[in-house]
Amino acid sequence: MSGLQARVVVDRARFRVDVALDAAAGETVAIMGPSGAGKSTLLDALAGLVPLNGGEVVVAGRTVERVAAPRVHTPPMQRGVVLLGQDPRLFPHLNARENVAFGPRAAGTPAAQARADADAWLDRVGLGGLGSRMPRELSGGEQQRVAIARALAASPRVVLLDEPLVALDPVTASEIRGTLREQLVGVTTVAVTHDAGDAVALAERLFVIEAGAVVQSGPVREVLAAPASAFVASVADMNRMPGVSAGGGWTDAAGRVLTSADAALALADGVALAAVFRPRDVRIVDGPGANAWPAEVVRVEPTLLGIRVHTTAGVIDAAEPGAAWSSGDTVWLHVDPSRVRFVPLG
Amino acid sequence: MSSARGYVPRSLAFPAFVGLAFLILPLLALIARVEWSTFVADVTSPAALEALGLSFGSGAAATAACIVIGVPLALLIARSGPRLAAVLRAAVTVPLVLPPMVGGIALLYLFGRQGWLGGWGLSFTTPAVVVAQTFVALPFLVLAVEGAVRSTGVDFERTAAALGAGRWTILRRITLPLAAPGIVAGVVLCFARAIGEFGATALFAGNRPGVTQTMPLAIYTAFNGAGVTQGTAVALALLLLATAVLVLMLVRGWRPGAAR
């Protein structure tokens with residue numbers, strides 16, 4: 001067994017985090033979840049900064065923490081787990097080269113060798129020749145690149161990413177995302193993110209954590225395409241309406257009815273299903289009709305491509321910037337059934 | 001800089017200048033009394049050299065002792081929980097606000113012939129001077145270093161630990177270098193306080209020329225009509241003043257390039 005296998009149980013003041021997580025050797029898994037769901041607690045526990053109340057953590061085949069007897073607690077310095085956060089946390093009194101050389105030197109590599117290796121690492125993250133710069137002389141993006149080089153130079157068994165792109169402007173974030181993609185190949189990684197795009201770009205599998213528990217997991221695109229909760233639907237930017245199968249179609253508590261040829265609906269009546277569809281597949285139509293339902297406009301937001309209309313029953317992307325809807329209006333929404341996926345409700 | 005001036009009433013400049021004059025004029029009066037023609041002879045007289053050597057020697061020893069026990073104490077306080085840290089900080093601050101005389105009496109009751117540790121035979125010896133100076137100077141070092149270590153926080157230490165560094169490596173390469181501005185300020189203040197020490201030394205170590213008579217004691221004795229001449233005393237006082245100014249410049253001039 002290699003990679004990372006963990007079951008992390010940590011009691012917090014309001015709730016208990018109980019998450020089972022695994023990553024194959026060299027695999028990147030993404031963690032998403034609303035604020036306060038326990039993502040940071042999970043990372044801290046994997047890094048050894050927060051003691052477990054239950055479960056165990058196995059890194060590269062070695063049990064580094066176990067609550068049940070025989071109890072194991074490996075201090076952070078002996079775990080081989082490195083965290084890359086939003087703040088690059090470069091040592092301010094050491095130049096870029098010494099920052100990168102820090103891990104290898106602590107592990108006993110002779111200083112000259114460690115410095116030469118550090119320069120090679122800086123080259124790999126696109127900072128060749130900047131080894132003598134102090135952290136404060138580097139831009140935010142450059143600092144984050146040094147942090148990546150420093151983390152990887154320490155030959156970690158597992159890298160934890162805690163939203164390392166959040167503090168950067170979009171162009172820089174995109175560049176760093178590319179660097180991470182290149183450099184994390186073959187490195188077992190757990191990446192916490194708020195951005196579905198980051199999850200798709202960096203990870204093979206996605207774990208969704210809500211209120212301290214995994215609510216959905218699987219290949220990233222599959223999870224995002226079949227959101228099992230309102231949170232996943234919102235990060236995947238999808239409408240999600242819970243309901244049941246009925247008469248070869250779907251209906252929900254408000255009496256909305258969708259007809260479809262989707263195989264999921266060939267099931268018996270009364271199976272709980274969520275109707276999932278993209279905001280851009282919804283049309284605002286003149287009045288009642290098949291696959292249409294009324295909704296009240298909550299607010300209208302201009303977007304890059306037009307407008308986004310939030311209603312009491314779904315979000316619509318429309319291309320008409322000059323549209324006359326305003327909050328309180330009742331509109332009829334229509335969606336093409338071929339654009340709707342029906343997802344079993346847990 | 002004009003934007004930094006704000007809107008303080010202009011008439012407050014008057015009491016402000018009175019305050020400044022009150023601080024500066026006595027020092028100018030002292031400098032005016034120095035006999036420059038005999039200055040070199042005064043500070044190189046055997047009695048003056050003895051006091052000078054004793055002061056700087058004991059001050060350096062006291063500063064070294066403060067570093068050896070003060071830096072660990074500062075680290076302990078900085079990494080304690082808020083309640084324990086407040087208690088420890090108060091305990092360290094007591095000698096700082098205590099009149100040095102009281103400190104001297106307290107030391108006498110601990111180390112004096114009748115004291116708990118009287119068997120060590122420490123009182124009224126040169127080591128007693130170092131002990132008295134350490135007692136009064138230690139809080140300066142501890143509080144300066146503690147503030148620096150605490151404000152740096154533990155995040156860099158955690159980062160270093162995740163990169164595989166052991167505790168001693170983290171101390172040597174991360175914690176102490178990041179606290180360097182505080183350590184330098186603490187050491188300098190500590191040394192200044194040690195060589196200026198009078199009250200505790202007088203009570204606990206006494207006033208024996210060549211053994212426990214440091215510069216402040218020599219100056220005091222001279223103005224009481226004994227020991228070195230008053231000219232020498234004024235010259236020594238000027239030396240102490242110059243040392244103080246130098247210390248101030250060292251503290252202010254220390255602009256940490258590396259730390260934020």
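**Figure 1. Residues 90–112 of chain B in the predicted model.** This span is 87% helix and 0% strand. Its end C-alpha atoms sit 26 Å apart. According to the unreviewed UniProt entry, residues 90–112 are one of the stretches annotated "transmembrane region". Others in that record include 12–32, 52–78 and 124–145 of chain B.

**Figure 2. Residues 233–251 of chain B.** Here the chain is 100% helix and 0% strand. From end to end, the C-alpha atoms are 27 Å apart. The UniProt annotation "transmembrane region" covers this span too, as it does 174–195.

**Figure 3. Overall build of chain B.** Chain B holds 12 helices and 0 strands. Read from the N terminus, the order is α-α-α-α-α-α-α-α-α-α-α-α. Along the principal axes, the C-alpha atoms fill a box of roughly 65 × 60 × 30 Å. Of its 260 residues, 39% count as buried. Take the contacts in chain B between residues at least 6 apart in sequence: 75% of them join residues at least 24 apart.

**Figure 4. The contact between chain B and chain A.** Chain B supplies 18 residues and chain A supplies 19 residues. On the chain B side, two elements give two or more residues each: helix H7 (155–162) and helix H8 (167–178). H7(B) makes the largest share, with 7 residues. By class, the chain B side has 11 nonpolar, 4 polar and 3 charged residues.

**Figure 5. Phe124(B), a residue with positive phi.** Phe124(B) has phi near 60°, although the residue is not glycine. Its place is the loop between helix H5 (100–111) and helix H6 (126–152) of chain B. Within 10 Å lie 18 other C-beta atoms, so Phe124(B) is classed as partly exposed; the buried class needs 20 or more.

**Figure 6. Domains of chain A.** Chain A is divided into domain 1 (4–225) and domain 2 (241–344). The C-alpha centres of these two domains of chain A are 39 Å apart.

**Figure 7. The cis peptide bond at Pro70(A).** Ala69(A) and Pro70(A) are joined by a cis peptide bond with omega about -5°. Pro70(A) lies in the loop between strand E5 (62–66) and strand E6 (72–73) of chain A. Most peptide bonds are trans.

**Figure 8. Asp237(A), another non-glycine residue with positive phi.** Phi of Asp237(A) is near 60°. Asp237(A) is found in the loop between helix H8 (230–235) and strand E12 (239–246) of chain A. Because 15 other C-beta atoms lie within 10 Å, Asp237(A) counts as partly exposed. Most residues other than glycine have a negative phi.

How values were computed. Residues are numbered from 1 along each chain as its sequence is written. Chains are lettered from A and ligands numbered from 1 in the order in which they are written. This is a predicted model: local features need pLDDT of at least 70, side-chain atom pairs count only at pLDDT 80 or more; totals for chains, interfaces and linings use all residues. UniProt positions are given in the numbering used here, feature names are shortened, and annotations may be inferred rather than shown by experiment. Helices (H or I, at least four residues) and strands (E, at least two) are DSSP runs, numbered from the N terminus. Two residues are in contact if their C-beta atoms, placed from the backbone, lie within 7 Å. Ala, Val, Leu, Ile, Met, Phe, Trp, Tyr, Cys and Pro count as nonpolar, Asp, Glu, Lys and Arg as charged, and the others, Gly among them, as polar. A residue is buried if 20 or more other C-beta atoms lie within 10 Å of its own, exposed if 12 or fewer, and partly exposed in between; C-beta atoms are placed from the backbone. Domain bounds come from an automatic or database domain assignment.
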